Amino acid sequence: MAFALTEDRDKQLADILTRYPTKMGACIPLLHLCQEQQGWISEEVVLWVSNRLDLPPAHVQGVVTFYTLFNQKPVGKHQVWVCRTLPCALRGGVELLQYCEKKLGVHAGETTADGAITLRSAECLASCGTAPMMQVDKDYHENLTPETVDRLLEALRK
Amino acid sequence: MLKVTNYLTKTYGQKDGWTLAAYERDLEGYKTARQVLTSMTKEQVVDEAKKANIRGRGGAGFPMGVKWSFMRPHPTKPAYLVINADEGEPGTHKDRTIMELNPHSVVEGCIIGCYGIGAHVAYIYVRDELHLSKERLWAAIKEARAKGYLGRTPFGKDYPVEVHVHTGAGAYICGEETSLLNSLEGRRGEPRLKPPFPAQAGAFGCPTTVNNLETIAAVPTAFRLGCEEFSKLSTLHDIKDGGVRLFGVNGHVNKPGVHELCVGVTMRELIYDLGGGVLGDRPLLAVIPGGSSTPILRADEKVSAPDEKNPLHKWHDMSVLDVPLGVDTFRGLGTMLGTCCITVMAEGTCPVASMHNLMQFYRHESCGQCTPCREGSAWLLRITEKILDGRGTMEELDQLHDVANSIMGNTICAFGEGTAMPALGFLKKFRKDFEAYVKGEKTKAKNGTLAMGSEFATRMEGH
Ligand SMILES: Cc1cc2nc3c(=O)[nH]c(=O)nc-3n(C[C@H](O)[C@H](O)[C@H](O)COP(=O)(O)O)c2cc1C
Ligand code: SF4
Ligand code: FES
């Protein structure tokens, strides 16, 4: 089926368009809506967005490739981001990432075989005072210990 | 001097502290905006704002009121206020706390700011990962709108103000103000050449002021107390570094956190009085004062300011740990105050591995527009990696200096300096460690420690 926003998201888009003096202003928020709906930004989505906002497809594609949070290919059901940057690394952030790699049997950047979890390393997530930390989908988990990580990852598998 | 305040943080520990009810109950919420809009002209607002000596909290420390005064009405174009909540500078964790725990201070600050600079719309640019922050800001905007504090006639005044939250999609560079503006307009977040500056041509080609989120959140307090009174809370009021601000402490301390304090506090006080001392009672090795782009200071460094005219003369021959954290004081130390969140490193931390970690960050985040930055950041990483792995030579160690120096001053935006300066800082302050790696006296396996007191590190040992 051809891509289209759900009715609810289409309403959100109408609201978004009122916030900016140009249609282009809605480009990133709209891409977020699309990704929320289908998990990643396919070529079809790029064309749909360019059509919807009267932008050249190359513009939309250029935006998609610039930002790390737009997935250019399908990803796992859950996203786990582990912060590796220095302030977290001073508190074990790098080893936390290794711990997750070992537990999940994947390297950073990969998705588990069952498609449940994509593990990624992140650069500073503004949570350095509560390191080590990771982001699971939309939620931050801070001051992590091996026990809390075990519980979190197990819950994602259910 | 350590002086704790709670103008912004009073709502932090409270139940539902982020709601309008709490803001009105605990912090006289929106009374100040009401008073400003109904009793002052916009010129008076800017003049008053200057007296607060609020130095930009985003890193560069530019005086907020002066920046506001650059805004000139345009005959045909609207003006915009843009709030920078991209908070991506490694080691910075303060803006997030305001958005999550006191979002109304931001909205009230936006109302006063918009009025002062002649804007009717404010965009708060929040990095995408901060979902709770966005949610709390939107909720605050909704509450304020419902009360009539935002909209067509805030507080009955015929001066429409709207506030919107805008989101990026993961790119550190979008914290740079012109990159942020491109991102707001729906483009790739690549920094623009300046001039024109945002005050001439900013968001959507219109006059724009970009303020950091903490900067704008300080505005209601400053106007409530009277801007000069606010400024005087700081011991650096005389050198135009005023008020109270958020100070973060992270890394190897027992109690990392964020504190609201009068400007004038020292790193020693942050580390030992508020941070609970260094992890495991170890000696202190070094501190990165305000985000990873600010050059590192060694704990054993002393202030050298024999000249009486030097603003740092008062602290001549004292430890750098005892100099008040201020924009100009830290510039005088050859580093920067930056975002005012300090990263603490205990004795035993490997400076080479630390620099390598940071160079990974900069390599990853360079937007790639300028060759010196794109290629230079890759070289810095590659050579540091070779040295850390025991494959580096003395020539390469010297090459690191050359590469860093060739980035400085040759790029579109300050990311270039932000990469080169910390690299040069590590090289200068820890030359011996780098040499020890080249000579084979130290190795990554034996000496490359970053994590301390971490259960994960213990678990992963030998893996
Ligand atoms: C590479 C780079 C990243 C930056 N990141 C941020 C940021 O995350 N948040 C921020 O407020 N300012 C950041 N800045 C500073 C902004 O460009 C700008 O100076 C600031 O938002 C102005 O607000 P202020 O005067 O209130 O500090 C960054 C600058 C550079 C060069
Ligand atoms: S200095 Fe680096 S980040 Fe800034 S514009 Fe040039 S390439 Fe991009
Ligand atoms: S370094 Fe990990 S959140 Fe800042």
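Two strands are said to pair if DSSP finds at least two bridges between them, and both helices (H or I, at least four residues) and strands (E, at least two) are DSSP runs, numbered from the N terminus. The model shown here is predicted, so that local features need pLDDT of at least 70 and side-chain atom pairs count only at pLDDT 80 or more, while totals for chains, interfaces and linings use all residues. Residues are numbered from 1 along each chain as its sequence is written, chains are lettered from A and ligands numbered from 1 in the order in which they are written, and side-chain values use heavy atoms, with hydrogens and water left out.

**View 1. Chain A as a whole.** Seven helices and four strands make up chain A, and along the sequence they follow the pattern α-α-α-α-β-α-α-β-β-β-α. The C-alpha trace of chain A spans about 50 × 35 × 25 Å along its principal axes.

**View 2. The open sheet of chain A.** In chain A, four strands in the order E2-E1-E3-E4 form an open sheet with mixed pairing. Strand E2 (117-122) and strand E4 (139-141) of chain A are the edge strands, each of which pairs on one side only. From one strand to the next, the twist averages 25°, where axes are lines fitted to C-alpha atoms, for helices over the stretch in contact, and angles run from 0 to 180 degrees between N-to-C directions. Helix H6 (residues 93-104) of chain A packs on the sheet, where it touches strand E1 (78-83), E2 and E3 of chain A (contact means heavy atoms within 4.5 Å), and its direction makes about 165° with that of E2(A).

**View 3. Strands E3 and E4 of chain A.** Strand E3 (residues 134-136) of chain A pairs with E4(A) in the antiparallel sense over three bridges. Opposite A:Gln135 stands A:Tyr140 in E4(A).

**View 4. Cis peptide bonds in two loops.** Most residues other than glycine have a negative phi, and most peptide bonds are trans. The peptide bond from A:Ala131 to A:Pro132, however, is cis, with omega near -5°, and A:Pro132 is found in the loop between E2 and E3 of chain A. In chain B, a cis peptide bond with omega of about -10° joins B:Lys194 and B:Pro195, and B:Pro195 lies in the loop between helix H8 (177-184) and strand E4 (208-212) of chain B.

**View 5. B:Glu28.** Although B:Glu28 is not a glycine, it has a positive phi of about 50°. B:Glu28 is found in the loop between helix H1 (20-27) and helix H2 (31-39) of chain B.
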